[in-house]
Amino acid sequence: GDDDKDLVSNLYEFGLKGDPTNATDTGVVEFNTTEQGGTNVFKYIHVERKDGTLDYSLILTGNLVFGPWTTNSGYTATSGNYDADFNMVTNTTSTVEAQKFIKLLIEEN
């Protein structure tokens, strides 16, 4: 469902510390490109619930038409405490490819 009609599912808002009844609060997600070890990297940063009710994974592809989508590969993830209920996860991937598409999957356990 999408009770607040913001085009973000209730499940994703719940999993990202958002409010499914408030269209302006879709959760904690950010992206950036930065230099790391002398090369540019792309960082996809999001929160994850600590209670284990949801599974989180990234999928990546270089081609939206032909794929293939790769699950939990092609990046490194680091995690740290965000608050009592959530961890902050930073997923880092290279920027050497001409194009790369990334999607966060959140599924019920």
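I began with Phe42, which counts as partly exposed because its relative accessibility is 22%; buried means under 20% relative accessible area, exposed over 50%, and partly exposed in between (1.4 Å probe, protein chains only). This is a predicted model, in which local features need pLDDT of at least 70, side-chain atom pairs count only at pLDDT 80 or more, and totals for chains, interfaces and linings use all residues. Residues are numbered from 1 along each chain as its sequence is written, and side-chain values use heavy atoms, with hydrogens and water left out.

I next looked up the aromatic pairs. Rings of Phe, Tyr and Trp (its six-membered ring) pair if their centres lie within 6.5 Å; planes under 30 degrees apart count as stacked, over 60 as edge-to-face and the rest as tilted. I found 2 aromatic pairs by this rule. Phe31 and Phe42 are stacked, because their ring centres are 6.2 Å apart and their planes stand at 20°. I then noted that Phe31 and Tyr44 form an edge-to-face pair, with 4.9 Å centre to centre and 75° between the planes. Phe31 is in strand E1 and Tyr44 in strand E2, 13 residues apart; strands are DSSP runs of at least two residues, numbered from the N terminus. I recorded Phe31, Phe42 and Tyr44 as a cluster linked by ring pairs.

I found Tyr44 buried, at a relative accessible area of 10%. Tyr44 also belongs to the largest nonpolar core, which has 9 residues, including Leu16, Leu60 and Ile106. Such a core is a set of buried Ala, Val, Leu, Ile, Met, Phe, Trp, Tyr and Cys residues joined through side-chain atoms within 4.5 Å.

Conventions:
Helices (H or I, at least four residues) and strands (E, at least two) are DSSP runs, numbered from the N terminus.
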